[in-house]
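Please examine the sequence and the three-dimensional structure shown below.

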Amino acid sequence: MADLVVELYGTQVGVLTGPWRTFDFVTDPAAVTAFGIDSTILSAAIPLTAVQTRARKDRRQNFFRELLPEARMLSRLAQQAGVSEVDVIGLLRWYGRDVAGALQIWDPDVPGEPKQPTLEPLSTAGVADMLNHVQRDPLGNKPATGKTSLAGVQDKIVLARTGDGWNRVIDGWPSTHILKPQSRDYPTTIYDEEFGARIARALGLTAYSTWIEEFEGTPAVVIERYDRSPDAPQGRIHQEDFNQVLGTTGNQKYQRYGGRVSLERIARVFSNAGDDDSLRRLFTLVVVSVAIGNLDLHAKNISIVHRPDGSMTLSPAYDLVPQAHLPNDGEVALAVAGEYRHAALTLQHLTGEGHTWGLANAAELAEETLTTVLDLARTQSPHPNAQPGLDKDITRFTSNLLSERTIGGM
């Protein structure tokens with residue numbers, strides 16, 4: 001097989017060369033000409049360089065490894081493709097046409113390349129069948145023509161929505177929505193996520209839609225993808241999560257696992273770039289996550305958007321799921337001012353974390369955000385199938401924080 005072509009915004013930025021154990025990314029000289037020397041349009045971790053150095057090879061490998069899902073979803077994709085779960089090259093050869101962000105990765109020696117992407121219209125019964133059999137066709141990939149990869153652990157499918165309805169994506173057509181079926185173990189989660197997304201929209205952390213929809217009696221939470229746009233080149237907007245940015249992999253997205261990720265390290269990326277707007281939005285995201293009990297704000301749930309002009313910004317918020325009520329260790333994924341225990345967090349922790357980032361107005365911003373969350377929890381009702389008392393839990397958490405008590409206080 002040939003080297004894998006890596007394409008971004010319609011430009012070949014390089015190739016993935018070598019077997020999966022020792023592969024590397026090699027920048028195409030034309031990409032340096034198009035985007036500039038040391039451009040971070042591909043990744044903040046691996047700028048486009050005219051001369052390749054071995055020193056950053058692990059970062060380059062990690063960036064592409066983190067395009068793949070985790071756990072059982074990865075196992076299913078590997079089984080469908082007939083390759084090992086650790087074979088990054090084999091998996092991207094099969095699924096690299098539709099990944100998070102704007103990359104398209106493909107093997108020019110594969111018969112039929114370059115592909116002609118298309119759509120397969122789906123009835124509501126067809127969508128329901130995919131949701132009910134997500135293990136059969138991981139991420140909704142159709143055998144032979146499914147080319148989608150998406151990071152994460154949770155069961156999901158990706159589809160494209162047009163004016164005519166829902167469609168399965170074929171041979172790399174850009175999917176526009178993520179659909180998550182109801183979990184048998186935690187049946188309220190999709191409804192809890194919808195409420196978290198509603199709060200994020202009200203605070204300006206995202207403008208993208210999230211809603212609950214039933215397909216022939218099968219419920220799902222439907223999430224509009226922020227990395228897709230009909231106005232963007234090839235319909236895609238590039239993004240990079242903070243496992244990729246910081247060079248961490250898998251469960252290192254949690255600060256407890258190796259300690260290489262932290263809110264301060266993430267914030268430093270924006271402060272070093274002089275991006276005060278992203279810094280403020282990141283702080284608001286942290287405050288909201290604490291207030292609603294979103295314990296899973298880890299490094300893969302925070303991303304950077306890389307615009308076609310080479311500029312970057314914090315991505316819209318995603319995966320804001322209240323989950324303090326679930327059976328778990330009660331710890332946040334990334335410590336706030338050194339504290340992991342959600343129930344022990346206070347307004348002082350939030351303010352102190354913001355101050356370490358250089359946010360002089362952290363206290364005012366935290367109080368303003370918490371006041372808005374409290375108003376939303378008191379005036380908006382979660383979906384009837386959400387966790388019972390979810391709005392009351394959020395009201396209690398937020399009231400405690402505003403009263404300078406611990407979040408778990410009575």
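Helix α3 (residues 71-81) and helix α4 (residues 88-95) pack at an angle of about 75 degrees, and their axes are 10 Å apart. Axes here are lines fitted to C-alpha atoms, for helices over the stretch in contact, and angles between N-to-C directions run from 0 to 180 degrees. Helices (H or I, at least four residues) and strands (E, at least two) are DSSP runs, numbered from the N terminus. The two helices α3 and α4 are therefore roughly perpendicular to each other; angles of 65 to 115 degrees count as roughly perpendicular, under 35 as roughly parallel, over 145 as roughly antiparallel, and the rest as oblique. On the side of α3 the contact is made by L74, L77, A78, Q80 and A81, and on the side of α4 by L91, W94 and Y95. Contact means heavy atoms within 4.5 Å. By class, the contact of α3 with α4 has seven nonpolar residues, one polar residue and no charged residues. In this classification Ala, Val, Leu, Ile, Met, Phe, Trp, Tyr, Cys and Pro count as nonpolar, Asp, Glu, Lys and Arg as charged, and the others, Gly among them, as polar.

The model is predicted: local features need pLDDT of at least 70, side-chain atom pairs count only at pLDDT 80 or more, and totals for chains, interfaces and linings use all residues. Residues are numbered from 1 along each chain as its sequence is written, and side-chain values use heavy atoms, with hydrogens and water left out.

The next topic is a sheet. Four strands form an open sheet in the order β3-β2-β1-β4, with antiparallel pairing. Two strands pair if DSSP finds at least two bridges between them. The edge strands are β3 and β4 (103-106), each of which pairs on one side only. From one strand to the next, the twist averages 25 degrees. Helix α2 (residues 57-65) packs on this sheet and touches β1 (4-8), β2, β3 and β4, its direction making about 100 degrees with that of β3. Helix α4 lies across β1, β2 and β4 and runs at about 60 degrees to β1.

Within this sheet, how many bridges join strand β2 to strand β3? Four bridges join β2 (residues 11-17) to β3 (residues 24-27), and the two strands run antiparallel. In β3, F25 is the bridge partner of L16, and V26 is the bridge partner of V15. The hairpin of β2 and β3 has six residues between the strands, and in this hairpin G18 takes a positive phi near 100 degrees.

A further open sheet contains six strands in the order β5-β7-β6-β8-β10-β9, with antiparallel pairing. Its edge strands are β5 (118-121) and β9, each pairing on one side only. Neighbouring strands of this sheet are turned by 45 degrees against each other on average, direction ignored. Three bridges join β6 to β8, which run antiparallel. The bridge partner of L159 in β8 is H177, and V158 stands opposite I178 in β8. Strand β6 is also joined by three bridges to β7, and these two strands run antiparallel. A hairpin joins β6 to β7 through two residues, and R161 stands opposite W166 in β7.

In α5 the buried residues are G126, V127, A128, M130 and L131, where buried means under 20% relative accessible area, exposed means over 50%, and partly exposed lies in between (1.4 Å probe, protein chains only). What covers these residues of α5 includes β6, β7 (165-170), β8 (177-181), β9 (210-215) and β10 (218-224).

Residue D155 lies in the loop between α5 (124-132) and β6 (157-162). Is D155 buried or exposed? Its relative accessibility is 14%, so D155 counts as buried. The side chain of D155 makes a polar contact of 3.2 Å with the side chain of R72 and a polar contact of 2.8 Å with the side chain of R76. A polar contact is a pair of N or O atoms within 3.5 Å; within protein, one must be able to donate a hydrogen and the other to accept it, and residues adjacent in sequence count only if both atoms are side-chain atoms. Leaving aside neighbours within four places in sequence, D155 is in contact with R72, M73, R76, V134, K180 and P181.
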